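Please read them with the coordinates open beside the text.

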Amino acid sequence: MAETAREYLIHRFRGDAQALRSRCEVLQRGTKVPGPDLPTSRQMASACDTVVGLLEAIAPHQESAAGLSALVALIPVLEQHARGHAASPPVRAVFAGAATRIREVEAVEQRAAPAAADAGDADDGDADDGDADDGDADDDRVAWAREDDEA
């Protein structure tokens with residue numbers, strides 16, 4: 001079963017939070033690693049948790065259009081969080097990055113919609129043939145690639 005955009009984003013930011021917490025464990029043992037320090041890593045993990053919470057507050061939708069609209073509605077909230085963390089660029093980047101990921105998901109969905117509509121029009125041309133797949137991308141799901149999402 002294909003993953004929804006909401007599920008993809010929850011998985012991504014939950015994974016980021018987990019990776020940051022693992023980093024905190026390494027830093028707590030006194031191991032020096034490049035990147036953010038311990039307090040900043042903790043703040044970034046907390047920011048990822050906040051993003052996950054916002055995403056989980058959206059009811060799962062079977063229709064991509066409804067789910068996508070709910071995700072896009074989070075962009076101003078995420079941007080507000082980003083502005084609120086202007087003093088900590090790494091934390092600000094978590095919220096700004098989440099807004100960017102939603103814009104990317106929206107773009108992918110929009111590119112997929114015409115292709116799905118074209119594929120749906122390949123039937124016998126009867127607009128009322130009772131097919132469950134009416135060629136409308138609203139109920140289609142996009143398979144999200146995760147290979148670039150690993151922390």
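1. In this predicted model, the largest nonpolar core has 29 residues, and those with the most contacts inside it are Leu 9, Val 51 and Leu 78. The helices α1 (5-28), α2, α3 (64-72), α4 (75-84) and α5 (89-120) each supply at least two residues of this core, and the helix that gives the most to the core is α2, with 8 residues. As background to this point, nonpolar side chains tend to be buried together in soluble globular proteins.

2. Among the contacts between residues at least 6 apart in sequence, 69% join residues at least 24 apart.

3. Which residues does Leu 78 touch, not counting residues up to four places away in sequence? Leu 78 touches Val 51, Leu 54, Phe 95, Ala 98, Ala 99 and Ile 102; among these partners is Val 51, which, like Leu 78 itself, is listed with Leu 9 as having the most contacts inside the core.

4. Leu 78 is also one of the buried residues of α4, together with Ile 75 and Ala 82. Seen down the axis of α4, these buried residues fall within an arc of 65 degrees, so they line one face of the helix. The face of α4 that is turned away from this buried side carries the exposed residues Gln 80, Arg 83 and Gly 84.

5. A corresponding description can be given for α3, in which Ser 64, Gly 67, Leu 68 and Leu 71 are buried. Viewed down the axis of α3, its buried residues fall within an arc of 100 degrees, and they therefore line one face of the helix.

6. Ser 41, a position in helix α2 (residues 38-56), deserves a separate look. Is Ser 41 buried or exposed? At 0% relative accessibility, Ser 41 counts as buried, and the side chain of Ser 41 makes a polar contact with the side chain of Arg 23 at 3.0 Å.

7. As for disulfides, the structure holds 0 of them; in general terms, a disulfide is a covalent bond between the sulfur atoms of two cysteines.

8. Gly 97 is found in helix α5 and is buried, with a relative accessible area of 16%; between Gly 97 and Glu 79, which are 18 residues apart in sequence, the C-alpha to C-alpha separation is 9.4 Å. Arg 101 is also found in helix α5, and, with a relative accessible area of 17%, Arg 101 is buried because it lies under the 20% cut-off. Not counting residues up to four places away in sequence, Arg 101 touches Leu 9, Arg 12 and Phe 13, and Leu 9 is among the residues with the most contacts inside the core.

9. Two positions in helix α1, Gln 18 and Glu 7, complete these notes. Gln 18 is exposed, with a relative accessible area of 56%, whereas Glu 7, at 33% relative accessibility, counts as partly exposed. The C-alpha atoms of Gln 18 and Asp 49, 31 residues apart along the chain, are separated by 9.4 Å, and Glu 7 and Glu 56, which are 49 residues apart in sequence, lie 8.7 Å apart in space, C-alpha to C-alpha.

Terms used. Residues are numbered from 1 along each chain as its sequence is written. This is a predicted model: local features need pLDDT of at least 70, side-chain atom pairs count only at pLDDT 80 or more; totals for chains, interfaces and linings use all residues. Side-chain values use heavy atoms; hydrogens and water are left out. Helices (H or I, at least four residues) and strands (E, at least two) are DSSP runs, numbered from the N terminus. Buried means under 20% relative accessible area, exposed over 50%, partly exposed in between (1.4 Å probe, protein chains only). A polar contact is a pair of N or O atoms within 3.5 Å; within protein, one must be able to donate a hydrogen and the other to accept it, and residues adjacent in sequence count only if both atoms are side-chain atoms. Contact means heavy atoms within 4.5 Å. A nonpolar core is a set of buried Ala, Val, Leu, Ile, Met, Phe, Trp, Tyr and Cys residues joined through side-chain atoms within 4.5 Å. The arc is that of the directions from the helix axis to the C-beta atoms. A disulfide is a pair of cysteine sulfur atoms within 2.5 Å.
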